[in-house]
Amino acid sequence: MVGSYSELKQLDVEATRIFDEAFKDLLGVHYEPLLVQSQVVAGTNLRYICNASPVVPNPEKYGVIVNVWVKPNGEIQRGNIIKLNDIEN
C-alpha cells in the first residue's frame, strides 16, 4: 500500500544492493542488515534493522535502524541511523 511501511522481511537481492550502495563509503562502523521494510512514496523509503559494530578490536555490537531513500531517478541517499536503545517508547 502506498504511504505505509510493509511488514519486516528478509533482504532480497535488490534490498541488499541498495544497502551496499548506500553504505559503500561509510567508515568506522560495520553495519550488517538483518531485516527490511519498504514504503512507496516519491521514490521508495527503506528501513533496515541492522547489527552495528565499531571497527575496533573486540567491538561491542548494538542494534540500529537505518533509513535509505531511493529517489524517483534511482539515486540512493542514506538517511539517519538510530541506535535501538536510543528510541523512546
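Predicted model: local features only at pLDDT ≥ 70, side-chain atom pairs only at ≥ 80, totals over all residues.
Student: What's the strand order in the open sheet?
Tutor: β1-β2-β3-β4, with antiparallel pairing. Strands are DSSP E runs of at least two residues, helices H or I runs of at least four, both numbered from the N terminus. Two strands pair if DSSP finds at least two bridges between them.

Student: Which strands are at the edges?
Tutor: β1 (29–41) and β4 (76–83).

Student: How many bridges join β1 to β2?
Tutor: 12, and the two run antiparallel. Pro33 stands opposite Cys50 in β2.

Student: New topic. How many aromatic pairs?
Tutor: The structure holds 3. Rings of Phe, Tyr and Trp (its six-membered ring) pair if their centres lie within 6.5 Å; planes under 30 degrees apart are stacked, over 60 edge-to-face, the rest tilted.

Student: Why is Phe19 with Phe23 stacked?
Tutor: Their centres are 4.5 Å apart and their planes at 20°, so the pair is stacked.

Student: Is Phe23 buried or exposed?
Tutor: Buried, at 10% relative accessible area. Buried means under 20%, exposed over 50%, partly exposed in between (1.4 Å probe, protein chains only).

Student: What lies over the face of Phe23?
Tutor: Arg78, at 5.3 Å from the ring centre. The cut-offs are NZ of Lys or CZ of Arg within 6 Å of the centre and within 35 degrees of the ring normal.

Key. Residues numbered from 1 in each chain as written. Heavy atoms only, no water.
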